[in-house]
Amino acid sequence: MAVLTAGRGRTAIPAAGNGRGTPLAVRRRRLFWPFVAPALACLVLFYLGPLLFGVWTSLHRWDGFTPMTWRGLGNYRALLDDPFFRTSMTNTFTILICVGVIMFVLSFALTMVLRDMRGKKFVRAVIFFPHIVNAMVFGVLAGFLFNPNGLANAALAAIGIDDPPKWLSVDNVFTLILATMVFTTTGFYVTIVMASAFSGRPRLWAHRVPRPLSPWRPTWTTRPRPLVPRSPHGEPSWPAWPPFLC
């Protein structure tokens with residue numbers, strides 16, 4: 001280790017180094033496991049342990065009372081042969097992909113529309129409101145609106161459509177569920193995107209005022225340009241923003 005001496009008879013002073021031997025670093029190392037161990041024990045006991053036990057149980061036939069019987073991958077083969085399981089997985093991925101893509105596109109589109117609109121805070125609150133309503137309310141509302149004598153069919157009959165679609169039939173109810181999920185969750189992500197786009201980050205401008213070339217020419221200012229605060233290492237203090245959110 002490098003030392004610094006200031007003359008004969010002076011005590012050598014150790015260099016700063018990386019600070020691992022300082023009293024503060026020693027205390028931090030001593031307190032690491034007392035702080036981490038309880039959370040790690042809870043993670044292993046209540047998450048990792050049951051997860052591994054569930055994987056081990058899935059390889060057996062077991063009703064919870066009698067001894068386990070080894071089946072290997074037989075349970076998984078039976079599951080893949082079950083048509084109800086395949087249908088449920090297809091519906092799950094359909095919801096994941098369709099609702100996710102539509103919700104993503106609508107969130108950014110509504111953000112672009114609302115960014116310069118007057119009363120955008122009120123509109124954002126209205127769009128966000130369905131997200132805080134219980135799903136049971138939408139189930140009751142769908143039954144009220146889309147039953148054969150409901151408001152939707154009455155509105156279609158008023159404009160001359162005598163054979164409205166069967167909204168709550170088996171063929172249409174899944175599409176209705178997708179539309180309800182998009183309607184209830186889009187407002188939440190619109191609020192998130194708008195909060196990041198209009199977070200009130202500082203806008204610092206540098207006005208360059210060059211000296212006039214002669215006493216008879218007036219002083220002029222150039223077009224303002226953004227002045228990005230930088231860290232001591234030279235990097236910007238905040239990440240670059242997409243142009244459409246600025």
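These are my notebook entries on a predicted model of one protein.

**Entry 1. Overall composition**

I began with the inventory of elements. The protein has 7 helices and 6 strands. I then read their order from the N terminus, which is β-β-α-β-β-α-α-α-α-α-α-β-β. Next I looked up burial and found that 14% of the 246 residues count as buried. I also looked up how far apart in sequence the contacting residues are.

**Entry 2. Helix α1**

I turned to helix α1, which covers residues 23–58 and has 36 residues. From its first C-alpha to its last, α1 reaches 51 Å, close to the 52 Å expected at 1.5 Å a residue. I checked the course of its axis as well, and noted a bend of about 35° at valine 44.

Which residues of α1 are buried? I recorded Ala25, Thr57 and Ser58. These buried residues pack against β3 (60–61) and α2 (74–80).

I looked at proline 50 too, whose place is in helix α1. Proline 50 has a relative accessible area of 43% and is partly exposed. Leaving aside residues up to four places away in sequence, I found that proline 50 touches Val44 and Leu45. Val44 is the residue at which I had noted the bend of α1.

I examined serine 58, which is found in helix α1. Is serine 58 buried or exposed? Its relative accessible area is 19%, and the cut-off for buried is under 20%, so serine 58 counts as buried. Not counting residues up to four places away in sequence, serine 58 touches Gly72, Asn75 and Tyr76.

I then looked up leucine 73, which lies in the loop between β4 (69–70) and α2. Leucine 73 has a relative accessible area of 54% and is exposed. Leucine 73 and serine 58 are 15 residues apart along the chain, and I recorded a separation of 8.2 Å between their C-alpha atoms.

I moved on to pairs of helices. Two packed helices are described by the angle between their axes and by the distance between those axes.

Helix α3 (residues 83–114) packs with helix α7 (residues 173–197) at an angle of about 40°, and their axes are 8 Å apart. That angle makes α3 oblique to α7. I noted that the crossing of α3 past α7 is right-handed. On the α3 side, the residues in contact include Asn91, Ile95, Val99, Ile102, Met103, Leu106, Phe108 and Leu114. On the α7 side, I listed among them Phe174, Leu178, Met181, Val182, Tyr189, Val190 and Met194.

**Entry 3. Helices α4 and α7**

How do the axes of α4 and α7 cross, and at what angle? The axes of helix α4 (residues 120–128) and α7 come within 7 Å and cross at roughly 145°. I recorded this crossing as left-handed. The contact is made by Lys120, Arg124, Ile127 and Phe128 of α4, together with Gly187, Phe188, Thr191, Met194 and Ala195 of α7. I noticed that Met194 of α7 is listed here, and that Met194 is also listed among the residues that meet α3.

**Entry 4. Threonine 184**

I stayed with helix α7 and looked up threonine 184, which is found there. Threonine 184 counts as buried, at 13% relative accessibility. What does threonine 184 touch, not counting residues up to four places away in sequence? I found Pro130, His131 and Phe138.

**Entry 5. Helices α5 and α6**

My last pair was helix α5 (residues 135–146) and helix α6 (residues 151–158). These two helices pack at an angle of about 30°, with their axes 4 Å apart. The cut-off for roughly parallel is under 35 degrees, and α5 and α6 are therefore roughly parallel to each other. From α5, the contact is made by Phe144, Leu145 and Phe146. From α6, Leu151, Ala152 and Asn153 take part.

Definitions and conventions: Residues numbered from 1 in each chain as written. Predicted model: local features only at pLDDT ≥ 70, side-chain atom pairs only at ≥ 80, totals over all residues. Heavy atoms only, no water. Expected span 1.5 Å × (residues − 1). Bend = angle between axes of the 7 residues up to and from the residue. Buried < 20%, exposed > 50% of the residue type's maximum accessible area, 1.4 Å probe, protein only. Contact = heavy atoms within 4.5 Å. Axes fitted to C-alpha atoms, helices over the stretch in contact; angles between N-to-C directions. Parallel < 35°, antiparallel > 145°, perpendicular 65-115°, else oblique. Left-handed = near helix turned anticlockwise from the far one by under 90°.
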